[in-house]
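These notebook entries record what I looked up in the structure shown below. I begin with helix packing and go on to a sheet, an aromatic pair and the backbone.

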Amino acid sequence: MTEQEFIPASYFKTIEKGVVTWESPSNIALVKYWGKKPNQIPENPSISFTLNHCKTITELTYEKRDSDGSFSFEVLLDGFQKDSFKPKIEVFFERVESYLPFLKDYHFQIETKNTFPHSSGIASSASGMSALALCLMSLEKQLLGDAIDDAYFNEKASFLARLGSGSACRSIEGDLVVWGETPSIEGSSDLFGIRYPYEVHAVFKEYQDTILLIDKGEKQVSSTVGHNLMHGHPYALNRFSQAHDHMKSLKTILKTGDLDGFISLVESEALTLHAMMMTSMPYFILMKPKTLEVINKIWEFRKNTGLPISFTLDAGANVHVLYPKSESVEILKFIENELVAYCQNEQYICDQIGFGANRIK
Ligand code: PMV
C-alpha cells in the first residue's frame, strides 16, 4: 500500500447525521519505537502487545453543515468540555484531511473516556487516537456505501491513527502488532501496523501485564520532543539497527516460547529506550528512584525463584510487569506484598494481552 491508496476517489452516499462508538485499547511495546522522520514515519520497527483492559471509549456524533473552510468540533472528556485536547485534534485533522476529505463538511462532537484512572501516567494517546480514527473510518465506510472490506478498514484506521500518535497505529488489532518496515517481517510497513504474521508459542498467548503506577505526574519531556532528540543523537544509527536485529531475534523467541530470550530482549529494549533519553542533548531522565527500586526487586525475585517475571517501561516512570498467565498466582502475590508499596497511592492495573478495538455502537 502507498499513501495515495488511502485517498478515496469519491463518496457515493450522503449522510446527514449519526453517531458511532468505538473502544480501543492501549498497547505496550516490546521492541520500542523511538525516533521518527517527517510525517510520523518511524526510524525503526517496533512490536507491541495489545492490552485488554486499558481502553479509550469514544463516541463520535456527526452532523452535516455548510463548510466554512475550517474544522468544526468539540471535545468532551468524562462528560465535561475538554478544550485542552482541541489543539492536538486540530493537528490530527489537518494531517488526515487529504485522506478523509469529508472532515470539513461535518460538525463533530467527540465524547471520550478512559477505563484507566485519569492522569495515571498511562499514555492515552495510543488508545485515544486509534478510537477516534476508527470512528472516522466508520463514517467514511457509510459514505462509501459500505464498499470497503475489513482488511482495508483496519489498515486505513491504523494509517490514520499513526498520523495522530505513532504508537496508536498498533492499537487497532491484536494480539501482537508490528509497525515499521523490516526485512524479517513480511508485509511490515512504515505506514500502518500489521498483525504479527508468524507462529506464536502458547506461553505468549495469555501474557499478563501488571502496570505499577509509580508516578502520575506530568512528564517533563513529551514523547514528541524525545523522538526529535534522536536526530543527530550519537548512538541513533546503532540503536535503529539494533531494533531490526531485535525484531529478527524475537521471531525465534516467540515461536519457540523461549522465556529467557524474551526476558533479556524486552528488558534490554526498555533500558535502551531510557538510555537514549539519558544520552540525548539535552539529556533527561523519566525513571524515578522507585522505578529502579522496583526493577531491582524484580531481578532479585527472579533470581531467587527462577520464575519468568520481567519488566518493560514506556516513556515514563511506570513499570509494566510481564509474566505468563500460568505463573499469575505466585507473581501477583509478590507484586502485592513487595511492589505495590512503591506505587503512588498503591495504585496498579492488572491487564493482559488483548485482541484489539471493538465497535460498540
Ligand atoms: O506514539 P508516541 O509518539 O507517543 O511514542 C511512543 C513511544 C514509546 O511508547 C516510548 C515506545 C513505543 O513504541 O510505544
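At what angle do the axes of helix α5 and helix α6 cross? I worked from a predicted model, in which local features need pLDDT of at least 70 and side-chain atom pairs count only at pLDDT 80 or more, while totals for chains, interfaces and linings use all residues. Residues are numbered from 1 along each chain as its sequence is written, and side-chain values use heavy atoms, with hydrogens and water left out.

**Entry 1: α5 and α6**

I found that the axes of α5 (residues 236-256) and α6 (residues 259-278) cross at roughly 160 degrees and come within 10 Å. α5 is therefore roughly antiparallel to α6 (angles over 145 degrees count as roughly antiparallel, under 35 as roughly parallel, 65 to 115 as roughly perpendicular and the rest as oblique). Axes are lines fitted to C-alpha atoms, for helices over the stretch in contact, and angles run from 0 to 180 degrees between N-to-C directions. Helices (H or I, at least four residues) and strands (E, at least two) are DSSP runs, numbered from the N terminus.

I noted a left-handed crossing for α5 and α6 (left-handed if the near helix is turned anticlockwise from the far one by less than a right angle, right-handed if clockwise). On the α5 side, the contact (heavy atoms within 4.5 Å) includes Arg239, His246 and Ile253. On the α6 side, Phe262, Leu265 and Glu269 are among the residues involved. I recorded the classes in this contact as six nonpolar, six polar and two charged (Ala, Val, Leu, Ile, Met, Phe, Trp, Tyr, Cys and Pro count as nonpolar, Asp, Glu, Lys and Arg as charged, and the others, Gly among them, as polar).

**Entry 2: α1 and α3**

I next looked up α1 (residues 86-96), which packs with α3 at an angle of about 130 degrees, the axes being 8 Å apart. The two helices are therefore oblique to each other, and α1 passes α3 in a right-handed crossing. Lys88, Phe92, Arg95 and Val96 of α1 meet Leu160, Leu163 and Gly164 of α3.

**Entry 3: the open sheet**

In what order do the four strands of the open sheet lie? I read the order as β11-β12-β10-β13, with antiparallel pairing (two strands pair if DSSP finds at least two bridges between them). β11 (310-313) and β13 (348-352) are at the edges with a single partner strand each, so one side of each has no neighbour in the sheet. The twist from one strand to the next averages 25 degrees. Four bridges join β11 to β12 (residues 319-323), and Leu313 stands opposite Val319 in β12. Helix α7 (residues 289-305) packs on the sheet and touches β10 (208-212), β11 and β12. Helix α8 (residues 328-339) also packs on the sheet, touching β10, β12 and β13.

**Entry 4: an aromatic pair**

My search of the whole structure gave 22 aromatic pairs (rings of Phe, Tyr and Trp, the last by its six-membered ring, with centres within 6.5 Å; planes under 30 degrees apart count as stacked, over 60 as edge-to-face and the rest as tilted). Trp22 and Phe153 are stacked, because their ring centres are 5.9 Å apart and their planes lie at 25 degrees. Trp22 belongs to strand β1 and Phe153 to helix α3, 131 residues apart.

**Entry 5: backbone**

I found a cis peptide bond between Gly174 and Asp175, with omega about -5 degrees. The bond from Met281 to Pro282 is cis, with omega near 0 degrees; Pro282 lies in the loop between α6 and α7.
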